[in-house]
Amino acid sequence: MRFHIEHTTEYRYSAPATESFSELRLRPRESLRQKVSRHYTRVQPAVLVESHTDYFGNYVETVSIPFRHPSLVVTSVCDVETKELPDVLDAVDLSVSEARQLYTPNRRVLHDFLRPSTFIQFTPGVLELAGEFLRPSDAFAPSLRALNEHLFRSLKYRPGVTDAGTTVEQFLIAREGVCQDFAHLMISVCRAAGIPARYISGYIETDPIPDPEGGTEGTALIGATASHAWLEVYSPNGYWVGLDPTNNCLEGERHVQIGVGRDYADVPPLKGIFQGSHAQTLSVQVRVTRHESTERPSPEAAETPRS
Amino acid sequence: MTNPITELQTQRQGTGRGVASIDERFDELAVASPAAAAVYRDLTAELERSGGANLHKVSQQSQRLMRDLGVTFNLYREDAAAENILPFDPYPRILDRATWDFLARGLAQRVRVWNEFFRDLYDSQEVLKSGIVPFEIVYDDPRYQRNAVGLKVPEDVFVHVAAFDLARDRDGRWVVIEDYVGNTTGVTYALSARNVLSQAAPDLLEHADVEPVHSYATELLEHLRGFAHGSPEPRVVLLSPGVYNSAYYEHSSLARQMGIPLVRGSDLIVLNSRCFLKTIGGLEPIDVIYRRLDESFIDPVAFRSDSQLGVPGLLTCVRKGTVTVANAAGTGIGDNRALSTYLPKLSRFYTRESLLIPTVERRLCFDPDQRELVSSDLENHIVQHVSERSADSVWDPATLNPEKLAKLRERLEKDPARYVAEPRLPLTTLPTVGTDSLVPRHAGLRCFVFGGRKPRVFPLALTRYAPQPGSRTISSGLGGGIKDTWILRGPDSAAAPEARIIVASPQRRLRLGSRIADSLFWMGRYKARVENTTRILRVVQQVQLENPAQQRAQSWAALWEALARTTGHDTHFFKSSPLLRQQSVSQYLLLDRKNPASVINGVARLRENARVTRESVPPEVWAVINRLWQTLDGAAAGKPLNDDDALPRIQDLEQRILDDIDALSGCAAKNMLRDDAWHFWTLGRHVERAVNATLVTRQVLLKRADSAAPVASGDSNLDALLRMLACQYAYRSLYQSRPTPEHVVALVLQDAALPRSVLHCVESIRDSLERVSGPEVRRRDASSPLRTAAHLAGEVEFADLPALFESRSQGGNGKPLFLDAWLEDLAARLTRLAVEISDHHLYHQAFNILR
């Protein structure tokens, strides 16, 4: 599938900032599953954008604004093609403990994805889930699917309850949250069970919204949040496999990956420091359009804090 | 290769007869070489000759000098009392040439190994792939900087400056007990020790031929400049976390001795992958940053975002190779004691050499066998956190109560990878001056190395000792003291390398840093603001007291409005406020900490700004500001000013504030150099004063919101206005009659001879801006505040006041509307001028890059 994505982030300061510096992680990554045919980032006020690749291979752009500006608007535009890959997860017929044995030669490379990190903690609630779903004798692929489904069924998707700093334990108590919380929780459970897992930030094309005129073939789609997060686990056959507990599915053609990291802290889409102002309001608009579609008026933009 | 340790031991065996008494008392003497032992004997004889009196005198004198020099060690607290004077002992440690040469070879080797390790770690990580070092040690350490992987540094040098703590056991063997390859401290204490000793006991130094230390700072600067990226005139700055850091004394004194700016993160800015220092003249490109800030703070975007200490985007400059950070980002993991324990293996891995000086025997608790060794004999170990270096991350099990001991064991069981344990430190004892005799005290040695392709160990060392008998606590943060260290010169004494002359012509001098200028500017503004508020309040109160007959609040409305306006309130503030009982107003305006415009808050900000510019403010000026602060702080602690008999206290307080302010003006005028710093202090005062004079004049004279008529001649409010601006005598000497509105406005606005007139202030602003702008920025530059100031000065000087007075509104309330509008506009433009000055010289909104 080919997607056209427009992602606009706007910071509006309470008083104009005198200077600011930001790091952007907005360009979708290249992988077996997806190919980026075009990408550019536009910044207002207009300044030079520099780029580099970070430790986890993500494309990073940096922006320095050394003069007074009332707001900062970053727009990332890209065309991405995704394709379905064969199901590598269900090809693994092993127990969890056998899988763990097979990780040993790669322990050094996988180490970062087996340890706690900023948002990944082995709390009692996490350990309990690991003991329930990923026991050493459990079958590797089915139990991961079961855990994915369990999180989807037992926790509620609800924006606005949690924020970018919510911990897994807080999520387990509140029992409602957004994709980032689902991803952090499932990563924690996998790592606690000795299965390497990493955080994926990206976009998702969400289900069609029924056309008010009666048709149901709407194809320009906006979900609750088109910005999305999920996770990948390292399968013993050498592939990273994407799981999406927010939607109870495996990563598919409608997922577009931006960045990978240990958790959200490694891949925030926009991270900045500004001076001269005490507060800011943030608004994000993401529009994911499938290329085959005919032009339709833009649906109402989702304007929520970044989850 | 000959083993230098056995070399030393052989030398020792050859002598040692006839010195039994002091050799037995102090074990360092027992292991010292003959040359060093001879000096020790001499010194001991000299100091003990005259008995206790001489010892006592020297000791007292050095302590006084330490205080005078301000050799302090800050604890992280705000109050000045937290500056602790380090104990100093005049009895030096002596190292003969052979010993020093051995240490120098060993430590240079150690720096080379560390540097190879960092080069590999932040590149292909062969050392981890081959399993020489367990990767968990690195990957689980928060100081492993993933963002620094792949960064290229000039000449592959990561460790530019290093230090090592050494101990010597009773057999004379040296071991390294601590490696400092990230951020090294302590060198200024070594320099101060020599400074103090040479003043307190100059004759002692005559007993030996000792390596001089005075060129350390210049050589360090030359060394750092050598790592600039191809700039013909490399600019070096010292980046410090600021006054609350425990090593701030060291940062400021080192920067002064090196002659480079001491900067904080907000003084630097990143623009198009280049790092600049904000100065009042513009943005100066910086080539080398000698950071004395923990690396996890240097770039809040790349590293820790919970801190504002660093420079956002600094890492992008390092990535592009436009700036060198010394030591390189990523070296902080060298604090990890487990890594230091692997150093012998690293040395063989990278250089196939064995280490000349080993690391102290240290057990790594993540290894089950070593952990077992530790827990089975816990009382004979010192347990330390694997990388934390604070005082509360060291445990001596022998001194812990059973409960704490159990807790420690629990920690070791639960998270063993976080701990290492060492058998008790093998420190020798040195002679130390006691109350009436020399006493043995345990001491350690810190040495300083310049890293690079050929590391050089500077002939300078710091000896730290434990003042308590039997104690091995030598850390300065825990009460340890310092001694001078004498490195004896020998025939083969290696000469310092030739100075690297990089610039043929003298450099353009760096201009005053913008942050310092900003603080001086605000010091000036707060000083004038505090004075204005106090003076106006006092005049309002006096006028009312002098005219008890006129009790109608209406008569004084204009004065209250003026007071409200100049203290940042709405014109009607006092009218509608329940504060209007005079005593409450005084409490509110003078002492209320919740009122942002109160005098006490103004003085607090004045003092805070003075504190952060201590380098540019003469101590006499600081003393007056401090006195002013105490006046207000004392008054605030006393009875509030809102009871019925408070009036005398109010008047007394106002008088004291104004006296202190006058003392401050006089003291600053007498003691401050007429340099850039002076001009910003002046700009601040005159901007504030000009705005204030304009607003007060307009409010009293013209803007009587609820009154139909303007102020008439002879109105007592006119008299009050003159008193508010402290120019009633100037008026009388000029006009010799009761005040008329026309004359008052002419005086207050246009009399250049009157220091409080608007014209005088604006002309002074123009002159100061002319001085700080320098020849290259002249009035042609449309955005320059100088142009605005010159324009304003001309306009005020030549304003046709009589005409403005004439233009009264037709049939209205008779107010001179044009004058009213003109004054309001003037105040607004003066306020904008202050913003222009800040933008142009301090915040660089115009970002003119200097070339």
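This is a predicted model: local features need pLDDT of at least 70, side-chain atom pairs count only at pLDDT 80 or more; totals for chains, interfaces and linings use all residues.
**Entry 1: chain B at a glance**

Residues are numbered from 1 along each chain as its sequence is written, and chains are lettered from A and ligands numbered from 1 in the order in which they are written.

Next I checked burial: 47% of the 851 residues of chain B count as buried. Buried stands for 20 or more other C-beta atoms within 10 Å of a residue's own, exposed for 12 or fewer, and partly exposed for anything in between, with C-beta atoms placed from the backbone. I also looked at contacts in chain B between residues at least 6 apart in sequence, and 70% of them join residues at least 24 apart. A contact needs the two C-beta atoms, placed from the backbone, to lie within 7 Å.

**Entry 2: domains of chain B**

I noted domain 1 (6-360 + 425-487), domain 2 (362-424), domain 3 (514-672) and domain 4 (674-851) in chain B; such bounds come from an automatic or database domain assignment. The C-alpha centres of domain 1 and domain 3 of chain B are 48 Å apart. Their contact takes eight residues from domain 1 of chain B and six residues from domain 3 of chain B. On the domain 1 side I found two nonpolar, three polar and three charged residues. Here Ala, Val, Leu, Ile, Met, Phe, Trp, Tyr, Cys and Pro count as nonpolar, Asp, Glu, Lys and Arg as charged, and the others, Gly among them, as polar.

**Entry 3: helices of chain B**

I gave H31(B), residues 817-842, a length check. At 1.5 Å a residue its 26 residues should span 38 Å, and the end C-alpha atoms are 37 Å apart, which agrees; the expected span is 1.5 Å times one less than the number of residues. The buried residues of H31(B) include Leu819(B), Leu823(B), Leu826(B) and Leu830(B). I remembered that an α-helix has 3.6 residues a turn, so residues three or four places apart point the same way. What covers the buried residues of H31(B) includes H17 (514-546), H24 (676-701) and H28 (758-773) of chain B.

How do H24(B) and H27(B) pack? I found an angle of about 175° with the axes 11 Å apart, the axes being lines fitted to C-alpha atoms over the stretch in contact and the angles running from 0 to 180 degrees between N-to-C directions. The two helices are therefore roughly antiparallel, the label for angles over 145 degrees; under 35 is roughly parallel, 65 to 115 roughly perpendicular and the rest oblique. Ala693(B), Thr697(B) and Leu701(B) of H24(B) meet Pro741(B), Val745(B) and Val748(B) of H27(B). By class, that contact has five nonpolar residues, one polar and no charged.

I then turned to H10(B), residues 216-225, which is mostly covered, with eight of its ten residues buried. Among them are Glu222(B), His223(B) and Arg225(B).

**Entry 4: single residues**

I found Leu277(B) in strand E9 (residues 274-279) of chain B. Leu277(B) is buried because 23 other C-beta atoms lie within 10 Å. Leaving out residues up to four places away in sequence, Leu277(B) touches, among others, Val237(B), Ile286(B) and Gly513(B).

Cis peptide bonds join Gln44(A) to Pro45(A), with omega about 5°, and Ala326(B) to Asn327(B), with omega about -5°. Asn248(A) has a positive phi of about 55° although it is not a glycine, and Asn248(A) counts as partly exposed, with 15 C-beta neighbours inside 10 Å.

**Entry 5: chain A and its neighbour**

Chain A is divided into domain 1 (2-82 + 268-290) and domain 2 (96-214 + 226-266), with C-alpha centres 25 Å apart. Their contact takes 19 residues from domain 1 of chain A and 14 from domain 2 of chain A.

Last, I looked at where the chains meet: 21 residues of chain A are in contact with 24 residues of chain B. The chain A side divides into six nonpolar, six polar and nine charged residues.

Notes
Helices (H or I, at least four residues) and strands (E, at least two) are DSSP runs, numbered from the N terminus.
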